[in-house]
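Reader: I have a model open and would like to go through its packing. Can we start with how burial is judged?

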Amino acid sequence: YDDLRAENEQLRQAKDDEIAVLQAGMDHSIVAMANLKKQVGGNQSDLQRRLDAVLQEHAQKLKRILDSILRSCADKTDEAVFNLNDPSNLGNMTTTVEHVLATIEQVHDSGNSLTASFAGYLANPDGDQTQVISTAVGLANGLDHLLTNLKGIVRFANSEESVERLIKVARQTATIGRQFFTKGQSNHMERLLATERPGVILDTNRELQQSLTTLTGLTESLVPKDVNRVSVATTNEDVSDLVEREMLNAARAIDEAVARLQGLMNQPRDSSLTDHQVQVNDAILDSSMAMTNAIAQLIRAATASQLEIVLQGRGSSTKAAFYKKNNRWTEGLISAAKAVAIATNNLVETADGVIKGTRSLEHLVVAAREVSAATVQLVAASRVKSQPYSKTQERLEWAAKAVTEASAHLVRATQKLTEREEENKQAEDYDKMSNLEFKSKEMEQQVQILKLEKDLVGARRRLAEMRRHGYHAEEEESTF
């Protein structure tokens with residue numbers, strides 16, 4: 001029994017020792033696991049801190065990018081105001097009052113769009129900034145385009161006081177628009193409470209809209225008083241029918257001009273003309289035909305662009321409702337189409353007159369430049385409402401470029417013909433003249449130069465006076 005008890009005691013001691021070893025191992029494992037868990041938790045916290053730092057740095061970088069773009073928009077507006085105040089910068093001299101009114105509407109919409117995108121951005125500053133950037137650039141471009149064209153229509157003002165008033169309000173409008181780009185920057189916004197920031201943008205937009213309303217009233221005062229002029233906003237006629245009819249009339253006028261030129265080219269040659277005169281007439285007709293063909297393509301492209309603009313912009317409304325809503329743009333489009341048709345008819349009339357000897361080559365140069373100016377007006381009218389990167393608008397731009405190139409070719413050809421005529425004139429031999437005769441000829445030339453300069457000043461004054469009294473859109477009223 002003693003032996004068995006001693007053996008049992010040894011076995012129990014061995015088991016206790018084994019249990020103690022296992023307990024020590026388990027305690028060590030528990031401590032190691034606790035240390036590992038603590039270490040993993042620390043690594044996760046460090047990783048989270050790093051991630052938060054990267055996100056914050058990225059947000060700051062996006063803010064700096066937005067601020068940089070807003071500063072660029074402010075600089076662009078400052079440059080537009082500088083050009084407005086520059087006496088040597090006459091602005092876009094080919095623009096019309098209707099186009100400026102349509103541009104004011106475009107700036108009005110751009111201001112509202114920027115306000116809406118800013119409101120969304122301020123509600124979630126860490127969100128997408130692309131909409132704010134896009135609308136800010138659109139407003140800056142709109143203000144620049146508005147001031148350039150508005151400077152061009154001051155030629156229609158009937159007094160210096162009206163000009164100063166118009167320029168002052170335009171400058172004020174641009175200054176208010178510039179506040180979008182300065183007050184929207186982060187250094188200004190961060191000084192305000194989060195609840196105050198949307199109100200700053202809303203107040204700026206309210207001031208901009210009020211200034212645009214005043215500018216619209218001043219611009220409308222430059223529209224000539226024409227009892228036959230149809231107002232899209234007040235007419236009882238279906239506006240869509242009116243627009244389609246005017247575009248169709250323009251296309252028909254171009255087709256008639258092409259047919260008339262073709263008839264002139266098919267006429268039998270006058271036997272009394274010299275070979276040089278025949279070459280001159282052929283060159284004039286060929287250049288005029290190339291130009292009218294380019295204009296026909298332009299009108300077709302403008303019609304397609306106008307239809308695309310209406311289709312994409314009217315939503316669920318009718319075509320007539322879209323034209324009514326955008327009545328400034330509609331009137332500008334009609335005016336531009338009429339201007340192209342009138343300028344083309346004048347070109348054909350002038351070409352016929354040059355061939356018959358009733359007009360000079362200088363008349364042809366003026367007529368070609370009038371066509372180019374009308375083309376620019378039509379493209380600008382379409383560009384106001386066109387979709388960015390539109391294939392239809394791109395075709396219109398290419399058609400306008402073709403017209404401009406054809407006009408430049410016609411002008412160059414006419415100038416070469418004029419130079420050739422001057423070369424064919426008998427040059428005087430000054431070496432054979434006596435001193436008295438030479439001095440007399442010199443004085444005659446000086447007197448002629450003074451007369452021409454006086455006539456030039458008078459002609460420019462009369463032209464400015466005519467422009468101040470309005471411009472005529474009807475074909476029967478058009479003159480050189």
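Author: Buried means under 20% relative accessible area, while exposed means over 50%. Keep in mind that this is a predicted model.

Reader: Fine. Is Gln-209 buried or exposed?

Author: Gln-209 counts as buried, because its relative accessibility is 13% and the cut-off for buried is under 20%.

Reader: Which helix is Gln-209 found in?

Author: Gln-209 is in helix α6, which covers residues 197-220.

Reader: And what does Gln-209 touch, leaving out residues up to four places away in sequence?

Author: His-108, Gly-111 and Asn-112 are what Gln-209 touches on that count.

Reader: Switching topic. How many residues are in the largest nonpolar core, and which touch the most other members?

Author: The largest nonpolar core has 51 residues. Those touching the most other members are Ile-284, Met-291, Leu-298, Trp-329 and Leu-378.

Reader: Which helices each supply at least two residues of this core?

Author: They are α7 (239-266), α8, α9 (319-325), α10 (327-356), α11 (361-383) and α12 (391-424). Helix α8 gives the most to this core, with twelve residues.

Reader: What does Met-291 touch, not counting residues up to four places away?

Author: Met-291 touches Leu-347, Ala-368, Val-371, Val-403, Ala-406, Ser-407 and Leu-410.

Reader: What about a second core?

Author: A second, separate core has 44 residues, among them Cys-73, Tyr-121, Ala-157 and Phe-180.

Reader: Back to α8. Where is Ile-299, and is Ile-299 buried or exposed?

Author: Ile-299 is found in helix α8, residues 275-313. At 2% relative accessibility, Ile-299 counts as buried.

Reader: What separates the C-alpha atoms of Ile-299 and Ala-399?

Author: A distance of 8.7 Å, although the two residues are 100 residues apart along the chain.

Reader: Last one: at what angle do α10 and α11 pack?

Author: The angle is about 160°, and the axes of α10 and α11 are 8 Å apart. Angles over 145 degrees count as roughly antiparallel, so α10 is roughly antiparallel to α11. The crossing of α10 and α11 is left-handed.

Reader: And which residue classes make up the contact of α10 with α11?

Author: By class, that contact of α10 with α11 has 18 nonpolar, nine polar and one charged residues.

Notes:
Residues are numbered from 1 along each chain as its sequence is written. This is a predicted model: local features need pLDDT of at least 70, side-chain atom pairs count only at pLDDT 80 or more; totals for chains, interfaces and linings use all residues. Side-chain values use heavy atoms; hydrogens and water are left out. Helices (H or I, at least four residues) and strands (E, at least two) are DSSP runs, numbered from the N terminus. Buried means under 20% relative accessible area, exposed over 50%, partly exposed in between (1.4 Å probe, protein chains only). A nonpolar core is a set of buried Ala, Val, Leu, Ile, Met, Phe, Trp, Tyr and Cys residues joined through side-chain atoms within 4.5 Å. Contact means heavy atoms within 4.5 Å. Axes are lines fitted to C-alpha atoms, for helices over the stretch in contact, and angles run from 0 to 180 degrees between N-to-C directions. Angles under 35 degrees count as roughly parallel, over 145 as roughly antiparallel, 65 to 115 as roughly perpendicular and the rest as oblique. A crossing is left-handed if the near helix is turned anticlockwise from the far one by less than a right angle, and right-handed if clockwise. Ala, Val, Leu, Ile, Met, Phe, Trp, Tyr, Cys and Pro count as nonpolar, Asp, Glu, Lys and Arg as charged, and the others, Gly among them, as polar.
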